[in-house]
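Trainee: Could we go through this model together, slowly? I would like to learn how to read the strands, rings and pockets.

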Amino acid sequence: MEFLKLILFTLLLSSSAVPILSYSHFSPVDHYLVDCGSTLKSTVDHRIFLSDSSPSNSPFLTAPHSFSLRNEHPFEGLPPIYSSARVFEAPSKYEFQIRDKGTHMVRLHFQTFSSSNLDLIRAQFHVLVNGYVILSNFSGVSAVNPRIKEFLIWIGTETLEITFVPVKKSNLAFVNAIEVISAPKDLVADTAKYLSYEHSGVVDGLSKQGLEVLYRVNVGGPKVTPFNDSFWRTWLPDDEHFESIWGSKKVYSTGRMKYQAGGASREVGPDNVYNSARVIQSTNSSVPYMNMTWTFPVIDGYNYIVRLHFCDIASISIGFLFFNIYVNGYMAYENFDLSSATNWELSSPFYVDFMVNAGQEGVLRIGIGSSNQSVPYAVDGLLNGIEIMKLNNSLGSFDGSLSAEMVLKGCRGYTVNLVPYVVILCLIVSVSLMLRRKVIGRDESFSWSKLPVVDSWRDKSSMGVDNQ
């Protein structure tokens, strides 16, 4: 029965894909889609990737020792962007003009293949973006599925540079496709609740930090493709990470989501994430005191942003849904009142952000459990989506202990002005110290930000709130 419900829900999503997209109006100022190494443009999910060999795109690339490589035996079923690659034998960079300063999504696509005279599995390299080390000693591991690396980086300059630096023993780097897109202004929140055993409080300044997107999960629902996401993201089903084996169920809704000012927008999370969920539900006079748990492997030594998405599509009335939220063993929120947080609206998307250190276990655990305010014959826990993002370390790296300055200094025969990278590194260290001081100095209690109260239908309309 559960399987039949999921099939029906998936068909409804497919049939409603066009209407869902039709009332999404996000149009990024900076929008670069590059098919690297190709001589022709490619179409993926109705999006056009332009060749980096075309005259209009050639100014992006500064690569005196690069060449195009074509896969002579393309993998069946893969998009055409993985049939070619731009290969570098020396440090090289793509440079993109930025018109909209702020957070930008940088997404890199990698798929190894071999030709008659070259095997990309041999490649090993570093990748830098405007002073951040986003990949270190990255290797072209043999895999049937492409590797996609996604980052959200604040860009305050007029250019965004992506630099590929081959490791000396390899002398080889490559990339199949690049996306650089200016993000919606509300995508990265400036504050989060910091959780630790020593102290907790509010940390801010996050909107100007770098983030690597590690997991984007549609809880209780099917895979969401870029075609059904206004910011062209992929959300995977949560089954691989879900540990609870009894006491919860999946629910689905075909109704329209009521997005409100101050809550989540469609760019923060699409309809196809908020209209499915896993829930704990009481079916008799007793409350099932249990937790739903998800686990995610991570690397220790980094701080992580955990974003949880909520939308009450399961309750029959407001005011009855209370539950506890746990992140890595910490009580993140006790007796969380989703009705109050969403200004007493059902089907209204909302999210909360937490910052936490992975510790030495290398695992992030997220739990939703019934609370001492949960009520019988009602929904006693709910979650729609999970995102986990890694913050850069004090060296400005998402991957290891090398700074951009150290990477570039190690380039044989490559001269570069290191002053900008030193300045950026100093700024990163200063911001890290400021964040630490703010967390230590702000141990006061932190509650979720309730949506602004709106008194009339007219006011809701002016705020862009959907009343249908």
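Trainee: How many bridges join strand 6 to strand 13?
Mentor: Three bridges join them, and the two strands run antiparallel. Strands here are DSSP runs of E with at least two residues, numbered from the N terminus, and two strands pair if DSSP finds at least two bridges between them. Within strand 13, Phe 174 is the bridge partner of Val 87. Keep in mind that this is a predicted model, where local features need pLDDT of at least 70 and side-chain atom pairs count only at pLDDT 80 or more, while totals for chains, interfaces and linings use all residues. Residues are numbered from 1 along each chain as its sequence is written, and side-chain values use heavy atoms, with hydrogens and water left out.

Trainee: Which sheet are they in, and what holds a sheet together in general?
Mentor: They belong to an open sheet of three strands in the order 5-6-13, with antiparallel pairing. Strand 5 (66-70) and strand 13 (173-175) are at the edges with a single partner strand each, so one side of each has no neighbour in the sheet. From one strand to the next the twist averages 30 degrees, using axes that are lines fitted to C-alpha atoms, with angles from 0 to 180 degrees between N-to-C directions. In general, strands of a sheet pair through backbone hydrogen bonds, either parallel or antiparallel.

Trainee: Switching to rings, how many aromatic pairs are there?
Mentor: A search of the whole structure finds 27 aromatic pairs, where rings of Phe, Tyr and Trp (its six-membered ring) pair if their centres lie within 6.5 Å, and planes under 30 degrees apart count as stacked, over 60 as edge-to-face and the rest as tilted. One of them is Phe 88 with Phe 164, a stacked pair at 5.0 Å centre to centre with 15 degrees between the planes. This pair links distant parts of the chain, since Phe 88 lies in strand 6 (residues 84-88) and Phe 164 in strand 12 (residues 159-166), 76 residues apart.

Trainee: Are Phe 88 and Phe 164 buried or exposed?
Mentor: Both Phe 88 and Phe 164 are buried, where buried means under 20% relative accessible area, exposed over 50% and partly exposed in between, with a 1.4 Å probe and protein chains only. Phe 231 and Trp 232 form a tilted pair, 6.3 Å centre to centre and 45 degrees between the planes, and both of these residues are buried as well.

Trainee: And what about the largest pocket, what volume does it have?
Mentor: Its volume is about 1,100 Å³. On a 1 Å grid over the protein atoms alone, a pocket is an open set of points where a 1.4 Å probe fits, with protein on both sides within 12 Å along at least five of seven lines, and lining residues have an atom within 4 Å of a point. Grid points are joined across faces, edges and corners, and the volume is the space filled by probe spheres set on the points.

Trainee: Which residues are closest to its centre?
Mentor: Of the 33 residues that line the largest pocket, Pro 146, Arg 147, Ile 148, Thr 234 and Leu 236 are the closest to its centre. Strand 17 gives the largest share of the lining, five residues.

Notes:
Helices (H or I, at least four residues) and strands (E, at least two) are DSSP runs, numbered from the N terminus.
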